[in-house]
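Here is a short report on helix packing and chain contact. Please look over the structure first.

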Amino acid sequence: MQAGVQIERKGKRAFPSPQVSFQEVLGRDELRSLSVETLQVNVGKLCNQACKHCHVDASPTRTEIMPREVVDACLKAVREFEIPTLDITGGAPELIPDFRYFVTEATASGAKVIVRHNLTVMHEKGQEDLPKFFAENRVELVSSLPYFNAAKTDSQRGTGVFDKSIDALKRLNDVGFGVENGFTLNLVYNPLGAFLPPDQASIEADFKHELMARYGISFNNLFTITNMPIARFLDWLRRSGNEAHYMSKLVNAFNPATVDSLMCRNLISVDWTGRLSDCDFNQMLEMPLAADLPQTIFDFDMESLSNRSIVTADHCFGCTAGLGSSCGGTVAAN
Amino acid sequence: MLRTGGRLLLTKLLLSQDKYMPYYNEEDLARFGDVAKYKPELFEKFMAWYGACQEEGELTKREKALIGLAVAVTVQCPYCIDAFTNSCLENGSNMGQMTESIHLASAIRGGASLIHGIQSHNAHDKVSM
């Protein structure tokens, strides 16, 4: 189902127009979800960083934060409908006042809890004990580290981020994350520019070797994620004259084998106000669910949401290029 | 002065013409397939060979992309340099590795010129007392 609204960013379309539409290339009338195995909750746009490619436009100056009643509604949905996985993202989710309450309650309900943790936030005042908190709650961590050197990491995420990230990874290893028989610590690689990510297994091997050799750091898996042509990354594509080139690259790399495993087919996304979307990217583009469906977490209904028509638009080429892209890395076999 | 003025005039004339066409256009890289227009069977054979050469084999795709970049710089093809720079990045190489491959190719090219200095020495020796 194509989005019926024209969304703008800085006076231009909020996502580029390729030569052919996603709907046309997809070759089917609609994309339907298969289940809701993951409730992905974006608790707000407040972050201690302001990364160049951030699709959330998150930064230290943002004030959007999920209130307790929305947190409770998410917990209620997880419990009532026995949703197996709660995936908490932001911004830096740790910065909202109810973060620890959210994690503790969700863990107690038996759900698997994933936290998208940016590593540097544990250097903020009052967050120093995060590694211990994560370990006590046995959460699964997913952390961005664009490259295994300071120059490339800092160019995307800000000066000093690499050194802080390395320190954080050591502290996480110390409490049992990313080590043998320990808690799960996955890293995320995304390209530093207008190109597709490399083969996931190949770059994971590089990261494992380099991080161990240089810093004695270990982790479980590396997820490669394609940069989505929206928000800050789109601004950069436009400023640098790469918009058309990047969209052509995504369209030409469309891989039908990715479609069955796209994350939107087994996930639903909640924003800080409780509004539902088919994925975090649609959420940022303010594309709601199809009109006939429940629109907020307060009206969550598993039966209608688990087999829903997914709202797609041309930015969806970002998830179907090459071996595909999702919050868990590639989705198609090599 | 006259010569310089003449060149400037010619340049201005060329630039003012609507049909002024540079020899290299970035957009033409995406039109590579158009080369098939008059001899599709030959182009198909080329593409099959070209594609097969870049598949993972005893060398990885990353190694092949680095070789491709080194050759592209050596043959000074702007399209190939663009394509193989992207290919290197998309196969996980960084600019340090890519620059090493460019230096190696360039050094071999420099060496290939330099070794011909021996021919000059030989020619000199032949005619010298």
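## Helix α8 of chain A

The model is predicted. Helix α8 itself spans residues 231–239 of chain A. Its buried residues are A231(A), F233(A), L234(A) and L237(A). Viewed down the axis of α8(A), they fall within an arc of 150°, so they line one face of the helix. An α-helix has 3.6 residues a turn, so residues three or four places apart point the same way.

Just after α8(A) comes G241(A), with a positive phi of about 75°.

## Helices α3 and α4 of chain B

Two packed helices are described by the angle between their axes and the distance between the axes. For α3(B) and α4(B), the angle is about 160° and the axes are 8 Å apart. An angle over 145° counts as roughly antiparallel, so α3(B) is roughly antiparallel to α4(B). Their crossing is left-handed.

From α3(B), the contact uses A65(B), L66(B), G68(B), L69(B), A72(B), V73(B) and V75(B). From α4(B) come C80(B), I81(B), F84(B), T85(B), S87(B) and C88(B). By class, this contact of α3(B) with α4(B) has 10 nonpolar and three polar residues, and no charged ones.

## Helices α3 and α5 of chain B

How do α3(B) and α5(B) cross, left-handed or right-handed? The crossing is right-handed. Helix α3 covers residues 61–75 of chain B and helix α5 residues 95–115. Their axes come within 8 Å and cross at roughly 45°. The two helices are therefore oblique to each other.

On α3(B), the contact residues are L66(B), L69(B), A70(B), V71(B), V73(B) and T74(B). On α5(B), they include Q97(B), M98(B), S101(B), I102(B) and R109(B). The contact of α3(B) with α5(B) has nine nonpolar, four polar and one charged residues.

## A loop residue in chain B

A30(B) sits in the loop between α1 (2–16) and α2 (40–54) of chain B. Is A30(B) buried, exposed or partly exposed? With 13 other C-beta atoms within 10 Å, A30(B) is partly exposed. A30(B) and K45(B) are 15 residues apart in sequence. In space, they are 19 Å apart, C-alpha to C-alpha.

## Contact between the chains

The contact takes eight residues from chain A and seven residues from chain B. On the side of chain B that touches chain A, helix α4 (residues 78–90) gives the largest share, three residues. That side of chain B divides into two nonpolar, three polar and two charged residues.

How values were computed. Residues are numbered from 1 along each chain as its sequence is written. Chains are lettered from A and ligands numbered from 1 in the order in which they are written. This is a predicted model: local features need pLDDT of at least 70, side-chain atom pairs count only at pLDDT 80 or more; totals for chains, interfaces and linings use all residues. Two residues are in contact if their C-beta atoms, placed from the backbone, lie within 7 Å. Helices (H or I, at least four residues) and strands (E, at least two) are DSSP runs, numbered from the N terminus. Ala, Val, Leu, Ile, Met, Phe, Trp, Tyr, Cys and Pro count as nonpolar, Asp, Glu, Lys and Arg as charged, and the others, Gly among them, as polar. Axes are lines fitted to C-alpha atoms, for helices over the stretch in contact, and angles run from 0 to 180 degrees between N-to-C directions. Angles under 35 degrees count as roughly parallel, over 145 as roughly antiparallel, 65 to 115 as roughly perpendicular and the rest as oblique. A crossing is left-handed if the near helix is turned anticlockwise from the far one by less than a right angle, and right-handed if clockwise. A residue is buried if 20 or more other C-beta atoms lie within 10 Å of its own, exposed if 12 or fewer, and partly exposed in between; C-beta atoms are placed from the backbone. The arc is that of the directions from the helix axis to the C-beta atoms.
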